[in-house]
Amino acid sequence: MKTKTSERIIYWLMRGVTYFIVLVIAYIILDIVWNGMPTISWKFLTEMPRHSGAEGGIFPAIIGTLVLVIGTIVVALPLGMATAIYLSEYARRGRFTGTIRLAIMTLAGVPSIVFGLFGLGLFVIFLHFGASIIAGALTLACLILPTIIVSSEEALLAVPKSLREGSLALGATKWETIRTNVLPYAIPGMLTGSILGIGRAAGETAPILLTVAAFYLPELPKSIFDQVMALPYHLYVLATQHPDAAKVRPMQYGTALVLIGLVLAVNLSAVLIRARIRKKYRW
Amino acid sequence: MVEDVHQLSGLETKVEVTNLNFYYGTVQALFDISMNIPARQVTALIGPSGCGKSTFLRTLNRMNDIIDGTRIDGRVQIDGADIYHNGSNVVALRKKVGMVFQKSNPFPKTIFDNIAYSPRLHGTKNRHALTEIVERSLIRAALWDEVKDRLDRSALDLSGGQQQRLCIARALAVDPEILLLDEPASALDPRSTARVEELITQLRNDYTIIIVTHNMQQAARISDFTSFFFEGRQIEFGTTKKIFTTPREKQTEDYITGRFG
């Protein structure tokens, strides 16, 4: 009798916690959608901001965030995937790779402001990039490299060993085996994990605060050495730095809604890519 | 220990193993194995689980190389050339020595792409030539009639027995001279097993076949020569007939009559 009661308590406790989490998320999203929708208009999305962002649109911030996301992908995806391939396919399991793995895990837990300061020191100052798209994208790339490496390695390890052996036994070299009989099956998982990480990077404020984001810059960048506005930082500025924060509340909600929509779109693209490739290869 | 059975029967030696020792790290798995494996005959390796027969088989195409911390000494010669010699080419070796694994491992590609996989890697790009190789390999592996209408379907849709014959066909597509079969039928039902055995019998004239098997009846049915392994040592090697009727060693007799193992 007693075990039955405790089973019940545990069951309802877990169920309650799960519902609670969903409720919190639903509240946040609904609040943003509810208050943000009235602000969203074609003008808001495509116009330059005016009066320090109190009026006009957020077009440069949208473009800035998109450019940063693309830059981050271009830098971090090849590096992260190559590292994952090395760790999973080539490196011997030993103290050295153990240390590398530990370093990657630790890196994943480092607060993002630390990455921001690192980017400021290395890219902005030491490499003389200045506050620029390239410095920001490189900083964001550092931030999400651990995520990309870990999820890519997991995707590679999920490919059965028997496929590698089968290919090697047919006289394929190691790289031929990886290229033709491991990567094609691992790519969906690698991309999904990586793009989810990139979605997170799109919303980060601290790393771009010190390396790229402009407080107020109502124009589009001309090169990768220019500064840009970015959605998360613009939101931060509107909410905390604006002289009349309460008056620009609709702008804040509108910006938040666009940012969430953008992250959602990035994540959705990951799901679509995976579904497409999964259809081609399955095991 | 190595009696010259081939000289008696006038057969040419394909694989010559001399004083082979093999180690996983510090654990020795094979002890001083010497064996002359005759060309175009079926040689069965039998013995209880963990006796080293699969490890031995994998030394013949250097598949153990991919396991960290393995070490080998002694000599393995194929057609007189030492395959562990410094300049020896592993890729060329594995083209010459095909392997089929215990658990069939079709690639998650179409039937056609499975067979064409290695010819493509080795440079055959012409579609017509590939089609020819695929057809020839599937015919040789006695699978053509069952799959000829669905070459563009996934190999994973095939039954277990068909998958294993596909793996054999895939190995044949490289035009090997030697086929290593690591318990190829142990995961199959009796009917599929019979088909694989039949196939091995058909291939015996063209290839040197070395098969690891747990199934003593299978060894007796399909092999010309048998080697009995126990605890990493080769206890006895001879014609299958002799091993199964008048084994010289007591251990062999005990194993064959089912007293242990």
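In helix H6 of chain A, residues including A:Leu140, A:Ile144, A:Thr147 and A:Ser151 meet residues of helix H9 of chain A, among them A:Gly189, A:Met190, A:Gly193 and A:Gly197. Two residues are in contact if their C-beta atoms, placed from the backbone, lie within 7 Å. The residues of this contact divide into 10 nonpolar, seven polar and two charged. Here Ala, Val, Leu, Ile, Met, Phe, Trp, Tyr, Cys and Pro count as nonpolar, Asp, Glu, Lys and Arg as charged, and the others, Gly among them, as polar.

The model is predicted: local features need pLDDT of at least 70 and side-chain atom pairs pLDDT 80 or more, while totals for chains, interfaces and linings use all residues. Residues are numbered from 1 along each chain as its sequence is written, with chains lettered from A and ligands numbered from 1 in the order in which they are written.

Helices are DSSP runs (H or I, at least four residues), numbered from the N terminus. Between chains, 19 residues of chain A are in contact with 20 residues of chain B. H7(A) supplies the largest share of chain A's side, six residues. By class, that side has eight nonpolar, six polar and five charged residues.

The largest nonpolar core has 76 residues. Such a core is a set of buried Ala, Val, Leu, Ile, Met, Phe, Trp, Tyr and Cys residues joined through C-beta atoms within 7 Å; buried means that 20 or more other C-beta atoms lie within 10 Å of a residue's own. Helix H7 of chain B gives the most to this core, with six residues. Apart from this core lies another, of 72 residues, A:Leu140 among them.

Note on methods
Helices (H or I, at least four residues) and strands (E, at least two) are DSSP runs, numbered from the N terminus. A residue is buried if 20 or more other C-beta atoms lie within 10 Å of its own, exposed if 12 or fewer, and partly exposed in between; C-beta atoms are placed from the backbone.
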